[in-house]
Amino acid sequence: MSSTNPCKNCEKSFDESFDYCPYCGQETADNLTFGVLFSNTISNYFSIDARFFRSFIPLMTKPGVLARRFVDGKRLSYLHPAQFYLFISVVFFFIFSFTIRKADDVVTKALKKGFSKEMIIDSLQMKKDSIGLERAKNAIKSSPILIGVSDEDLKAIDSVITAEQKGPSVSFSFQREALDSLIAINAPQAEKLKAMGLKEGAGSLTTKFYTQMLKFYEQQGGGILKALYDTIPITMFLMLPLFAFLLQLFYWKRGTFAHHMVFSFYFFTFIFTSFCVLILANAIIGIPIWLEILFFLSLIIYLMLAFRNFYKSSWVGAFFKAYAISFIYMMFIVPIAFFGVVMVSFMLY
């Protein structure tokens, strides 16, 4: 009679000759090493197996066919659309991170140079205005009778010019000089915010905005592009349902919203994959601008072919709907999303 072993996972007994538990499927051998742990983590997270290659080739060469097969029920043979999208998006943002680091360095240097230049220009402008006011005052004093200015008026003009030379109490230059002084002595944040013009009793949102402005000023814009980059993946994921909603409007008789989401997942996976190729090609050989324009046009052509294969649309219908959806998405949804990304990035900066 064969002996039995209890499963360490579900605690049910089974024959010790089994390599896997017949109840929960866990492996009987307890060989937990670092390599096994790492490989299992990657495998469970991405599940890159034969399904990946069976999915990747149709995605790139047969627009819309992979989504059609998945919707029609052939699901175990191909990688799940959300899982496919997740894997490719991780690869894309990993590759894109190297580009964004270089761009962030360039933007940071440009912002710092801009801050320094602005301070120099302001100081020179103040000096220039002071010289001009002094000349005007001397001209008036030298010929008060010809100009028709009385002694009392001359005293009033002199007091105004003198006050102007000292600088207006509410000017941006004065506030910035005061703020620079507070920053230099490491003053409390409340005093620095007050120097920036924050009123007492301001709301939490206004206070947060001024706080972020102060942080932006103190760091001279350093890292702002990286903060923007960190927000893009979540935004792109949230934009998927909006694209599916447009598909619902144009093809409301051709499938449910879930079907449109499947199409959107695969289409955005194709876009991310194409951008990966474009970024790598630019890094290796450099792509001319005219070829990049053709690349973006090819995305619309791919969308048109995908509509043709997935929705069984006519050539004319697929052509006009592809361009209409692309136009609406790029002209309305993308700018709104970009504005949202900028605002969120700034508030989380």
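1. A pocket, as used here, is an open set of grid points with protein on both sides within 12 Å along at least five of seven lines, and its lining residues have an atom within 4 Å of a point. The model under review is predicted.

2. Start with the largest pocket. The lining comprises 36 residues. Nearest the centre of the pocket lie Met236, Ile271, Phe275, Phe296 and Met330.

3. Which helix gives the most to the lining of the largest pocket? It is α11, with ten residues. Helices α4 (81-142), α10 (224-250), α11, α12 and α13 each supply at least two lining residues. By class, the lining of this pocket has 31 nonpolar residues, four polar and one charged.

4. The structure holds one cavity of 30 Å³ or more. About 60 Å³ lies in the largest cavity. Its lining has 13 residues, and Leu59, Gly64, Tyr266, Phe267 and Tyr302 lie nearest the centre. Two or more lining residues come from each of α2 (50-61), α3 (65-71), α11 (257-284) and α12.

5. Next, the packing of α12 (residues 289-310) on α13 (residues 315-347). The angle is about 130°, with the axes 8 Å apart. The crossing of α12 past α13 is right-handed.

6. Which residues make the contact of α12 with α13? From α12 come Ile300, Leu303, Met304, Leu305, Phe307 and Arg308. From α13 come Trp315, Ala318, Phe319, Lys321, Ala322, Tyr323, Ile325 and Ser326. By class, this contact has eleven nonpolar, one polar and two charged residues.

7. Helix α13 also packs on α10. Their axes come within 9 Å and cross at roughly 150°. This crossing is right-handed. On the α10 side, the contact includes Ala227, Leu228, Thr231, Ile232, Thr235 and Met239, and also Leu242, Phe243, Leu246, Leu247 and Phe250. On the α13 side, it includes Lys321, Ala324, Ile325, Ile328, Tyr329 and Ile333, and also Val334, Ala337, Val341, Val342, Val344 and Ser345. The contact of α10 with α13 divides into 19 nonpolar, three polar and one charged residues.

8. Thr4 lies in strand β1 (residues 4-6). Where does Thr4 sit relative to Phe14? The two are ten residues apart in sequence and 5.1 Å apart in space, C-alpha to C-alpha. Leaving out residues up to four places away in sequence, Thr4 touches Ser13, Phe14, Asp15 and Glu16.

Note on methods: Residues are numbered from 1 along each chain as its sequence is written. This is a predicted model: local features need pLDDT of at least 70, side-chain atom pairs count only at pLDDT 80 or more; totals for chains, interfaces and linings use all residues. Side-chain values use heavy atoms; hydrogens and water are left out. Axes are lines fitted to C-alpha atoms, for helices over the stretch in contact, and angles run from 0 to 180 degrees between N-to-C directions. Helices (H or I, at least four residues) and strands (E, at least two) are DSSP runs, numbered from the N terminus. A crossing is left-handed if the near helix is turned anticlockwise from the far one by less than a right angle, and right-handed if clockwise. Contact means heavy atoms within 4.5 Å. Ala, Val, Leu, Ile, Met, Phe, Trp, Tyr, Cys and Pro count as nonpolar, Asp, Glu, Lys and Arg as charged, and the others, Gly among them, as polar. On a 1 Å grid over the protein atoms alone, a cavity is a set of points where a 1.4 Å probe fits but cannot get out, and a pocket is an open set with protein on both sides within 12 Å along at least five of seven lines; lining residues have an atom within 4 Å of a point. Grid points are joined across faces, edges and corners, and a volume is the space filled by probe spheres set on the points.
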